[in-house]
Amino acid sequence: MTDFLEIHPSGPLRGELRMPGDKSISHRAVMLAALAEGTSMVHNLLLGEDVQNTIHAFMDMGVKIEAEKKVSSNLANPVLEHKINGVGLWGLKKPPQPLDLGNSGTSMRLLAGILSGQKFDSVLIGDQSLSSRPMGRVIEPLSLMGAEIHAKEKMTAPLIIKGRPLHGIRYELPVASAQVKSAILLAGLFAHGRTEVIEKAATRDHTERMLRGFGASLTLQGQTIAVEGQPKLKAGVIEVPGDLSSAAFFLVAALIVPGSELVIRGVGVNPTRTGILEILQAMGADLRQENQREVAGEPVADLRVRASALRGVRVNGALIPRAIDEFPILCVAAAYARGRTEIREASELRVKESDRIATMARELLRMGAKVAEKEDGLVIEGGAGLKGAEVESHGDHRVAMALAIGGLSARDRTRVADVACIATSFPDFTLHLQESAK
Ligand code: S3P
């Protein structure tokens, strides 16, 4: 089977798009609906492989999840609505085999939190990339809560989780990570007493918003998030907004292909995620939020973007966690921007689906960019654009999509190899690209 994408220099991108459901919110919707009492309906759940892995894990633990087709009036395609029959906080069953979470770090880390406090043991496994990602960051705080988790020597998966009674803790996050924060808060649901997490830099707060939506007692005080243990979670209706991290590829595509104008409808614009919008605007992007509204506890807007002359920018500090998944595509924007873009204090990028500092530096060099790799980021001297080249994704969905977008404005043809991974977060990426570049 061919596993590459061939990208030719594109004419203007125009029209309206809708993005698939937000990946982070989709995972959490499945998890909390499964732990709630009653039936929840989830609209616009992402159907990417990562979320499928979360769905299958809960089905393996006895949760009934059904997809129902709904024809929506404003879309050509039928939209799936998922019906999740919650089993209640203590209703999960011991899975008959190890839970395979594929490429999905969010599934593994959040599930580690949920499974630590169960009355049964479980095993979490993943693909090669996931099996090399750091799990010590969740094992440490969960162990402080009373969990017993066995990992490989380097604190990597497989994780063997022995279900234990948990107690609340007060824990200051050593890394800015929404996955670690969420793992602790989810474990806190099963713990006796109160669990408090302190974060130095704000990371995505979808878990907090959704826990409240499901009726948990969650309070925020400054940078401290506290959840009371052993609540009754109540089923509900969740509308998953379009994924801003997926929209980012089309925003940059429209910015770098002359004459483009796109409107992307119904995108999540939670302020803990909008770093990319602020960075692109600081680079001179003609990019606006329209029709701002709130849907199921999350801010949503339509994004209008027009091709723009971009300039380099410096990105560091609190902006990093607020744009953490957007650096591959930001590097592409930087290659087309006049002047220097400097991304620093971003060493977390080295432990994503690939080492995104190394992979983006290597592949953009092949496309003729002037890139210097730093321990904690990248420096890109932009302005000359990119040339077509043979590049590869290193099995990382966001690297694959970023390179494909880079090819739209490149001189000559670009061929991106190893693109099956795109299906982890954005199965219809190529289809959307073809539609908007028609
Ligand atoms: C996510 C948190 C981030 C992000 C990931 C999704 C989440 O990871 O990169 O794609 O859903 O909580 P970290 O917590 O490792 O920063």
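**Notebook: a walk through the predicted model**

I started at V295, which is partly exposed, with a relative accessible area of 21%. My scale for this is: buried under 20% relative accessible area, exposed over 50%, partly exposed in between (1.4 Å probe, protein chains only). I am working from a predicted model, so local features need pLDDT of at least 70 and side-chain atom pairs count only at pLDDT 80 or more, while totals for chains, interfaces and linings use all residues. Residues are numbered from 1 along each chain as its sequence is written, and side-chain values use heavy atoms, with hydrogens and water left out.

**Entry 1: V295 and strand β16**

I placed V295 in strand β16, which covers residues 286–295. (Helices are DSSP runs of H or I with at least four residues, strands are E runs of at least two, and both are numbered from the N terminus.) I then looked up V295 against L431: they sit 136 residues apart in sequence. In space, the C-alpha atoms of V295 and L431 are 26 Å apart.

**Entry 2: around the ligand**

Which residues surround the ligand? I wrote down S24, R28, T106, R109, S177, A178, Q179, R204, I324, D325 and K352; near means that a heavy atom of the residue lies within 4 Å.

Which helices each supply at least two residues of this shell? I found α1 (23–35), α3 (105–116) and α5 (178–190).

Next I checked individual atoms. R28 places a polar side-chain atom 2.6 Å from an oxygen atom of the ligand. S177 has a polar side-chain atom 2.6 Å from a ligand oxygen. For D325 I also noted 2.6 Å between a polar side-chain atom and an oxygen atom of the ligand. On its own the ligand has 390 Å² of accessible area, and the protein covers 96% of that (Shrake-Rupley method with a 1.4 Å probe; for residues, only the protein chains shown count as cover).

**Entry 3: helix α3, S107 and S116**

Helix α3 brought me to two serines. S107 is found in α3, and S107 counts as buried because its relative accessible area is 0%. What does the side chain of S107 contact? Its partner is the side chain of T54, in a polar contact of 2.8 Å. (That term means a pair of N or O atoms within 3.5 Å; within protein, one must be able to donate a hydrogen and the other to accept it, and residues adjacent in sequence count only if both atoms are side-chain atoms.)

S116 also has its place in helix α3. Is S116 buried or exposed? I read a relative accessible area of 0%, so S116 is buried. A polar atom of the S116 side chain lies 2.8 Å from the backbone oxygen of A112.

**Entry 4: K181 in helix α5**

I moved on to helix α5, where K181 is located. K181 is a buried lysine, since its relative accessible area is 0%.

**Entry 5: backbone geometry in the loops**

I found a cis peptide bond joining A157 and P158, with omega at about 0 degrees. P158 belongs to the loop between β8 (148–150) and β9 (159–162).

N44 is not a glycine, yet its phi is positive, at about 65 degrees. I located N44 in the loop between β3 (37–43) and α2 (49–60). N44 counts as partly exposed because its relative accessible area is 23%.

H394 is another residue other than glycine with a positive phi, near 60 degrees. The loop that holds H394 runs between β22 (390–392) and α11 (397–408). At 27% relative accessibility, H394 is partly exposed.

**Entry 6: cysteines**

How many disulfides does the model hold? The count is zero, where a disulfide is a pair of cysteine sulfur atoms within 2.5 Å. C331 is in no disulfide, with the nearest cysteine sulfur, in C421, 17 Å away.

I looked up burial for both cysteines. C331 is buried, at a relative accessible area of 0%, and C421 is buried as well, at 12%.
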